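Keep the view open beside you as you read.

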Protein chains: 2
Amino acid sequence: MPRGKAAVSDVYSAMRASILEGDLAPGARINIDAVARSLGVSQTPVREVLQRLEGDNLVVYNPGRGYSTTPLLDLPELRSLFEFRLLVEPWAARAAAVDRLANPAPALKKELEAFRDVMESSGDLRQDLVAHDTRFHDTILAASGNPVVRHAFAQTHCHLHTFRLYPADVDGAITVAEHTAVREAIEACDPEQAEAAMTTHIRNSFDRFAKAFEGELAPLEDSGPPRKRIIT
Amino acid sequence: MPRGKAAVSDVYSAMRASILEGDLAPGARINIDAVARSLGVSQTPVREVLQRLEGDNLVVYNPGRGYSTTPLLDLPELRSLFEFRLLVEPWAARAAAVDRLANPAPALKKELEAFRDVMESSGDLRQDLVAHDTRFHDTILAASGNPVVRHAFAQTHCHLHTFRLYPADVDGAITVAEHTAVREAIEACDPEQAEAAMTTHIRNSFDRFAKAFEGELAPLEDSGPPRKRIIT
DNA sequence: TTAACCAGATTCCTATACGATTTCGCTGAG
DNA sequence: CTCAGCGAAATCGTATAGGAATCTGGTTAA
């Protein structure tokens with residue numbers, strides 16, 4: 001069945017999904033030939049995709065020994081990731097809480113309502129929850145009006161990494177509640193409240209994920225002296 | 001002269017340098033075959049490198065029409081880039097200003113002294129200045145202790161992008177003075193001052209680059225109400 | 001003059017081939 | 001039983017080949 005076109009795009013999606021889904025275990029070696037045959041393409045596009053995935057921090061390259069999937073995040077890496085989110089996302093929520101057409105509240109509302117419907121029907125929530133979370137946060141980043149920040153955030157692939165840590169039983173209701181708080185503050189064009197709600201959401205989110213490391217956990221330290229606002 | 005090994009690494013460096021140096025003009029199409037022949041390799045490693053460069057935002061891909069180098073930054077993009085730097089780097093400078101072995105002041109001092117020597121001997125300063133600037137800022141990012149933030153910053157390739165905007169005559173002395181202020185605050189373990197000095201440096205840096213867009217320039221707005229400090 | 005169209009050539013994109021390096025399993029000595 | 005050494009198999013990394021799409025220049029019709 002010859003696919004006339006667009007191999008590398010498909011291969012990228014497929015490998016990304018394989019890593020996310022766990023078909024390629026964290027830290028496992030990647031056999032290029034095996035992947036190529038299983039996807040019905042040659043090794044060339046697979047190699048190109050691996051280069052890109054390495055840039056995405058989803059695979060690591062050992063010269064002469066090929067590629068492996070990146071190991072699961074350990075606790076320090078998880079903290080680093082959420083520290084970065086605390087730098088970027090509250091700022092974005094603040095920036096998005098403006099009385100303009102760029103205000104993302106309508107889109108966020110649609111996203112939340114759609115996900116509420118999914119919650120009632122779906123069995124395995126993980127996939128849907130991550131998809132919703134990804135869209136929700138990206139919508140706010142996009143509305144911040146700063147494509148560099150948005151891209152930098154997207155490049156962390158934080159949802160993909162954290163998805164691998166998810167326990168099987170996820171409570172989507174908590175996430176929806178916190179998202180709703182963020183959405184309402186943005187809708188009300190209240191920058192302070194939007195920033196605060198996003199901060200709370202990310203802190204809570206970190207705590208939930210950190211439960212995976214039960215015992216060795218030290219919470220993110222609370223705010224120290226206030227920091228001057230830098231931009232806009 | 002056949003290199004037995006490590007082609008993609010060399011090709012990556014070479015193409016990166018070509019874009020930086022301007023041998024590949026901004027926005028120009030990239031002829032894969034021509035690049036391959038000029039570097040004495042086949043098209044395969046060149047293709048892999050292009051995938052990575054696209055992830056780095058240094059080339060763009062049009063399906064069916066090949067790759068082009070990314071156009072020069074326009075003013076809004078430059079503003080976005082420096083807004084991102086204002087989010088990340090003052091935070092990193094603050095985090096690095098701690099009384100620990102991780103304090104990067106000694107390394108920064110060496111870097112500054114080495115560059116002062118270069119300034120006296122070198123003719124074309126641009127290349128050296130960008131190299132120094134890259135190392136200086138990365139050293140601070142590394143000392144922040146957050147590899148995610150460091151990587152996100154590195155992925156913006158801000159020095160590479162801004163280098164393409166540099167005028168031929170650069171005054172390294174101003175940069176050195178501002179860097180020295182940052183270094184001294186970090187050495188003194190004064191987080192407030194380190195954050196402030198870095199903020200000043202980035203603002204001034206933006207103003208210098210923005211001169212390239214003379215006339216259409218609106219300065220980065222000054223700080224509004226203070227913003228609560230989020231982490232550490 | 002302008003716009004549309006159509007061959008020729010170029011370029012992209014995937015597939016296949018092949019040497020170089022690494023990994024694995026076996027043998028045999030300590 | 002453990003471990004060093006060696007040969008075969010597997011895998012990586014680059015080169016080459018060929019089909020498919022796109023670009024170029026020239027011609028014709030409105």
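Start at B:Gln51, which touches A:Val8, A:Glu48, A:Gln51, A:Arg52 and B:Tyr67, leaving out residues up to four places away in sequence; contact here means heavy atoms within 4.5 Å. B:Gln51 sits in helix α3 of chain B, where helices (H or I, at least four residues) and strands (E, at least two) are DSSP runs numbered from the N terminus. With a relative accessibility of 6%, B:Gln51 counts as buried. Buried means under 20% relative accessible area, exposed over 50%, and partly exposed in between, with a 1.4 Å probe and protein chains only. The side chains of B:Gln51 and B:Tyr67 are also joined by a polar contact of 3.5 Å. A polar contact is a pair of N or O atoms within 3.5 Å; within protein, one must be able to donate a hydrogen and the other to accept it, and residues adjacent in sequence count only if both atoms are side-chain atoms.

Before going on, a word on the model. It is a predicted one, in which local features need pLDDT of at least 70 and side-chain atom pairs count only at pLDDT 80 or more, while totals for chains, interfaces and linings use all residues. Residues are numbered from 1 along each chain as its sequence is written, chains are lettered from A and ligands numbered from 1 in the order in which they are written, and side-chain values use heavy atoms, with hydrogens and water left out.

Now turn to DNA strand C. It is surrounded by 16 residues, the closest being A:Ala7, A:Ser42, A:Arg65, B:Arg47 and B:Tyr61; a residue is near a strand or molecule if one of its heavy atoms lies within 4 Å of it. Of the atoms of DNA strand C that come within 4 Å of the protein, 76% belong to sugar and phosphate. The surface near DNA strand C is made up of 7 nonpolar, 6 polar and 3 charged residues. In this grouping Ala, Val, Leu, Ile, Met, Phe, Trp, Tyr, Cys and Pro count as nonpolar, Asp, Glu, Lys and Arg as charged, and the others, Gly among them, as polar.

What about DNA strand D? Sugar and phosphate make up 75% of the atoms of DNA strand D within 4 Å of the protein. A backbone N or O atom of B:Ser42 lies 2.5 Å from a phosphate oxygen of DNA strand D, whereas a polar side-chain atom of B:Thr44 lies 3.1 Å from a base nitrogen.

Finally, look inside the protein. The largest nonpolar core has 122 residues, and A:Ile140 and B:Ile140 have the most contacts inside it; such a core is a set of buried Ala, Val, Leu, Ile, Met, Phe, Trp, Tyr and Cys residues joined through side-chain atoms within 4.5 Å. Beyond its neighbours within four places in sequence, A:Ile140 is in contact with residues including A:Ala92, A:Leu108, A:Val182 and A:Met198. Chain A has 10 helices and 3 strands, and 47% of its 232 residues count as buried.
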